[in-house]
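Here is a short report for a first look. Keep the sequence and the 3D view side by side while reading.

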Amino acid sequence: MAEISLRQVRKSFGSSEVIKGVDIDIADGEFCVFVGPSGCGKSTLLRMIAGLEDISSGELRIGGRVVNDLPPKERRIAMVFQSYAIFPHMTVRENVAFGLTIAGASKAEKETKVAEAARILQMEHLLDRTPAQLSGGQRQRVAIGRAIVRKPEVFLFDEPLSNLDAALRMDMRLEIGKLHQQLKATMIYVTHDQVEAMTLADKIVVLKGGEVMQVGSPMELYHNPANLFVAGFLGSPS
Ligand code: ADP
Ligand code: MG
């Protein structure tokens, strides 16, 4: 079980506090979307959950266990970034297997897991290509494949589709929705895109200036925005 809870989580860089006492609860298997303007702290929150950034104060639990001081590799979390973070000199197969290679997995294990990820992401025909021979959407699929093979309990996506054109974004949005249904993992997804938020989310967290403005289902936020800010982001135009 990989439910996630943040209790009064704060983060300061020097004298500037960028996360100001955030409480968030995400159920096991839930698809949670973080939205909010640039600089409101979305990436910082993801990085703290992944363990890539220390928490200044407060408590972070994953699967019921306090993980404030747990190193990233012990958190069973995979993070997918918008800049694909794949290696240009490796084939797709090698890229997808990368995390397994450094973990010392056997050749057979790597083959099985890469084949499974390739099937889920429908990229069996791309395994021998290098990134230069791929489209933007295919590269993003490789990045997601790399996350899948590690069998994480939690996936963190930081604006994974923002570098893609509109048509590809829609395809990939559907892919990510399917991925969530298949893997039933807990997912946190940061986006600027209202359509992505409304269609993918079980729960949306609206952030502003390092604080939570509102949490709710897409329909709750749409019909009952707590304030004008939330309405402007997601709510009905009235
Ligand atoms: P978002 O992802 O919502 O655009 P970020 O989490 O990247 O926002 O940033 C939140 C705030 O924290 C911003 O004001 C940003 O400038 C600041 N910030 C992020 N990382 C650092 C850092 N390593 N050092 C100093 N300030 C940072
Ligand atoms: Mg960001």
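## Contacts and burial

Two residues are in contact if their C-beta atoms, placed from the backbone, lie within 7 Å. Among contacts in the protein with a separation of 6 or more, 66% link residues 24 or more positions apart.

This is a predicted model: local features need pLDDT of at least 70, side-chain atom pairs count only at pLDDT 80 or more, and totals for chains, interfaces and linings use all residues. Residues are numbered from 1 along each chain as its sequence is written, while chains are lettered from A and ligands numbered from 1 in the order in which they are written.

Of the 238 residues, 40% are buried. A buried residue has 20 or more other C-beta atoms within 10 Å of its own, with C-beta atoms placed from the backbone.

## Overall size

The C-alpha atoms fill a box of roughly 50 × 40 × 30 Å along the principal axes. The radius of gyration, taken over C-alpha atoms, is 18 Å, which agrees with the value near 18 Å for a compact globule of 238 residues. That globule rule is 2.2 Å times the number of residues to the power 0.38.

## Strands and sheet

The protein has eight helices and ten strands. Both are DSSP runs, numbered from the N terminus: helices are H or I with at least four residues, strands E with at least two.

Six strands form an open sheet with mixed pairing, in the order E6-E7-E8-E3-E9-E10. Two strands pair if DSSP finds at least two bridges between them. Strands E6 (77–81) and E10 (211–216) are the edges, each pairing on one side only.

Strand E3 (residues 31–35) pairs with strand E9 (residues 203–208) in the parallel sense, over four bridges. Val35 stands opposite Val206 in E9.

Note on methods: A residue is buried if 20 or more other C-beta atoms lie within 10 Å of its own, exposed if 12 or fewer, and partly exposed in between; C-beta atoms are placed from the backbone.
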